Amino acid sequence: HAAAVDAYLSDFWKRTQPLVPLEPLLDDASKAFEAKWAAEQSAAPAGNALDLSKFGAEEELRALGLDRLKRALVALGLKCGGDVNARARRLWSVRGVAPGDIDPKLKAKASKKRPRDDAAGAAAAAAQLEDDARRERRPRAVEDAERGEERRHDGVVPREEPEPPRSVTRE
């Protein structure tokens, strides 16, 4: 979906602003995304695992969001369902606990899927990077359009005018 939106927006820009090159505008967003992606990847030790000793309270874990908590739980082999509170609580409960001493009730069942080889994992990571980069480049107008909002250039959302009543003429 992100690739289709990216292609549409690029084409739209080229048709509506033919004298303004798109690449320099996207370079800044791409560089910012690459820096953010690299920082996130280097901050996550051993893939997606979290260093729980860096967190002082369960609330700090909640601030990471559902997706990041899920990746951390999966990296530890724990169940990864539930809302943000349940995930943070589950992670917090294994803080400082040796992997062998983790309560079996918290552990995920063995997956029946066959494990990925390194080439498939690398390809999936590259695809995820490209998809995230496209999402990062999307302008605010697209996000508003996805929510069904219309926004003018000055940031004002116009209100919907009610349709005038139709007059009925008798003949």
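Trainee: Which helix holds both Glu59 and Arg62, and how many residues apart are they?
Mentor: This is a predicted model. In it, Glu59 and Arg62 are separated by about one turn of the helix. That spacing is three residues, and the helix is H3.

Trainee: What joins Glu58, Glu59 and Arg62 into one network?
Mentor: Start with Glu59, which forms a salt bridge with Arg62, the closest N and O atoms being 3.6 Å apart. Glu58 forms a salt bridge with Arg62 as well, at 3.1 Å. Arg62 is therefore a partner in both bridges, each falling within the 4 Å cut-off. The network is joined by salt bridges that share partners.

Trainee: Is Glu58 buried or exposed?
Mentor: Glu58 lies in helix H3, four residues from Arg62. Its relative accessible area is 17%. Buried means under 20%, so Glu58 counts as buried.

Trainee: And Arg62, which class does that residue fall in?
Mentor: Its relative accessible area is 28%.

Trainee: How many salt bridges does the count come to?
Mentor: Two have come up already: Glu58 with Arg62, and Glu59 with Arg62. Another links the side chains of Asp11 and Arg15, at 2.9 Å from N to O. The count comes to three.

Trainee: Why are Asp11 and Arg15 separated by about one helical turn?
Mentor: Both residues belong to helix H1. Asp11 is partly exposed, at 40% relative accessibility, while Arg15 is exposed, at 52%. The separation is about one helical turn because they are four residues apart in H1.

Trainee: Which aromatic residues form a pair, and is that pair stacked or edge-to-face?
Mentor: The count comes to one aromatic pair. Its members are Tyr8 and Phe12, with ring centres 6.2 Å apart and planes at 20 degrees. Planes under 30 degrees apart count as stacked, so the pair of Tyr8 and Phe12 is stacked.

Trainee: How far from Arg134 is Ala4 in space, C-alpha to C-alpha?
Mentor: Ala4 is found in helix H1. It is exposed, with a relative accessible area of 54%. In sequence, Ala4 and Arg134 are 130 residues apart. In space the separation is 9.8 Å.

Trainee: How many helices and strands does the protein chain have?
Mentor: Read along the sequence, the pattern is α-α-α-α-α-α-α. The secondary structure therefore comes to seven helices and zero strands.

Trainee: What share of the residues in the protein chain is buried?
Mentor: The protein chain has 171 residues. It exposes about 13,100 Å², with carbon and sulfur atoms supplying 54% of that area. Buried residues make up 18%.

Trainee: What covers the buried residues of H5?
Mentor: Those buried residues are Ala86, Arg87, Ala88, Arg90 and Leu91. Their cover includes helix H3 (58–62) and H4.

Trainee: Which residues is Val94 in contact with, leaving aside its neighbours within four places in sequence?
Mentor: Val94 belongs to the largest nonpolar core. Leu52, Leu78 and Ile102 are listed in that core as well. The contacts of Val94 are Leu52, Leu76, Leu78, Ile102 and Leu106.

Trainee: Which residues make a nonpolar surface patch of about 320 Å²?
Mentor: One member, Leu25, lies in helix H2 (residues 23–43). Leu25 counts as partly exposed, at 46% relative accessibility. The patch is made by Leu19, Val20 and Leu25.

Technical notes
Residues numbered from 1 in each chain as written. Predicted model: local features only at pLDDT ≥ 70, side-chain atom pairs only at ≥ 80, totals over all residues. Heavy atoms only, no water. Phe/Tyr/Trp six-rings, centres within 6.5 Å; stacked < 30°, edge-to-face > 60°. Helix = DSSP H or I, 4+ residues; strand = E, 2+ residues; numbered from the N terminus. Buried < 20%, exposed > 50% of the residue type's maximum accessible area, 1.4 Å probe, protein only. Areas by Shrake-Rupley, 256 points an atom, 1.4 Å probe, with all protein chains shown as cover. Core = buried A, V, L, I, M, F, W, Y, C linked by side-chain atoms within 4.5 Å. Contact = heavy atoms within 4.5 Å. Patch = residues over 30% accessible without salt bridge, like charges linked within 9 Å, V, L, I, M, F, W, Y side chains within 5 Å.
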